[in-house]
Amino acid sequence: MSNIKRQISEWLNVAQETLNEIELEDIEFAEFAQQNINNAVAQMLSLNNNIILSSEQAMPRTKGIPCKGFWVENTKDLVLYVLNGNQSKAIVVPKQGWMIKDGITIN
C-alpha cells in the first residue's frame, strides 16, 4: 500500500503523511460524485473488455474491482485508487462530493 500512497502523493503533489486511508463502506457519495465514479469505472471496464457500458451497468460489475480510498488532510478531497487488470486510475472526489456515513465512529 505504501507504493499506492507514494504514487498518489506524486500525482497530486501532496505529502504521503496527508493521505489517510478510509474504508469505502464508511463513505456516502453525493449523486454527482457517484455518477462520475460510475462513468470512470465503466470506461476502465470497457477498455479492458472492449465493450461499452452505461453508468447504470457499471456499479454491479465493479464490486470485484480492487479500490482503495484515501482522504487528503489539507483539502478533505477523497482519492479513489482503482485497479483493473493492468490499468489503474485515481479518481478525485471533491470534499462536497462525499461524507462519512451516519453511525460510523471515528477514532
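This is a predicted model: local features need pLDDT of at least 70, side-chain atom pairs count only at pLDDT 80 or more; totals for chains, interfaces and linings use all residues.
Is Glu 10 buried or exposed? Glu 10 counts as exposed, at 53% relative accessibility.

View A. Arg 6 is partly exposed, with a relative accessible area of 36%. Altogether, the structure holds 2 salt bridges, and the next view turns to Lys 68 and Glu 21.

View B. Lys 68 and Glu 21 form a salt bridge, with 3.5 Å between the closest N and O atoms. This pair links distant parts of the chain: Lys 68 lies in strand β3 (residues 67-72) and Glu 21 in strand β1 (residues 19-22), 47 residues apart. Lys 68 counts as partly exposed at 33% relative accessibility. Glu 21 is also partly exposed, at 35%.

**View C. The aromatic pair of Trp 11 and Tyr 81.** How many aromatic pairs does the structure hold? There is 1 aromatic pair. Trp 11 and Tyr 81 form it in a stacked arrangement, 6.1 Å from centre to centre and with 25 degrees between the planes. Once again, distant parts of the chain are linked: Trp 11 is in helix α1 and Tyr 81 in strand β4 (residues 78-84), 70 residues apart. Tyr 81 is buried, with a relative accessible area of 7%, whereas Trp 11 is partly exposed at 47%.

**View D. The largest nonpolar core.** In soluble globular proteins, nonpolar side chains tend to be buried together. In this model, the largest nonpolar core has 15 residues. Those that touch the most other members are Ile 37, Val 41, Leu 78, Leu 80, Ile 91, Val 93 and Trp 98. Helix α2 (31-49) and strands β4 and β5 (87-93) each supply at least two residues of this core. The largest share, 6 residues, comes from α2.

View E. Which residues does Leu 78 touch, not counting residues up to four places away in sequence? Its contacts include Ile 22, Ile 27, Phe 29, Phe 70 and Trp 71. Also among them are Ile 91, Val 92, Val 93 and Trp 98. A second, separate core has 7 residues, including Ile 4, Ile 8, Leu 19 and Tyr 81.

**View F. An open sheet of 4 strands.** The strands follow the order β1-β3-β4-β5, and their pairing is antiparallel. Why is one side of β1 and of β5 left without a neighbour in the sheet? Both stand at the edges, each with a single partner strand, so one side of each has no neighbour there. From one strand to the next, the twist averages 25 degrees.

**View G. Where β4 meets β5.** These two strands run antiparallel and are joined by 7 bridges. One place to look is Asn 84, whose bridge partner in β5 is Gln 87.

Technical notes:
Residues are numbered from 1 along each chain as its sequence is written. Side-chain values use heavy atoms; hydrogens and water are left out. A salt bridge is a side-chain nitrogen of Lys or Arg within 4 Å of a carboxyl oxygen of Asp or Glu. Buried means under 20% relative accessible area, exposed over 50%, partly exposed in between (1.4 Å probe, protein chains only). Rings of Phe, Tyr and Trp (its six-membered ring) pair if their centres lie within 6.5 Å; planes under 30 degrees apart count as stacked, over 60 as edge-to-face and the rest as tilted. A nonpolar core is a set of buried Ala, Val, Leu, Ile, Met, Phe, Trp, Tyr and Cys residues joined through side-chain atoms within 4.5 Å. Contact means heavy atoms within 4.5 Å. Two strands pair if DSSP finds at least two bridges between them. Axes are lines fitted to C-alpha atoms, for helices over the stretch in contact, and angles run from 0 to 180 degrees between N-to-C directions.
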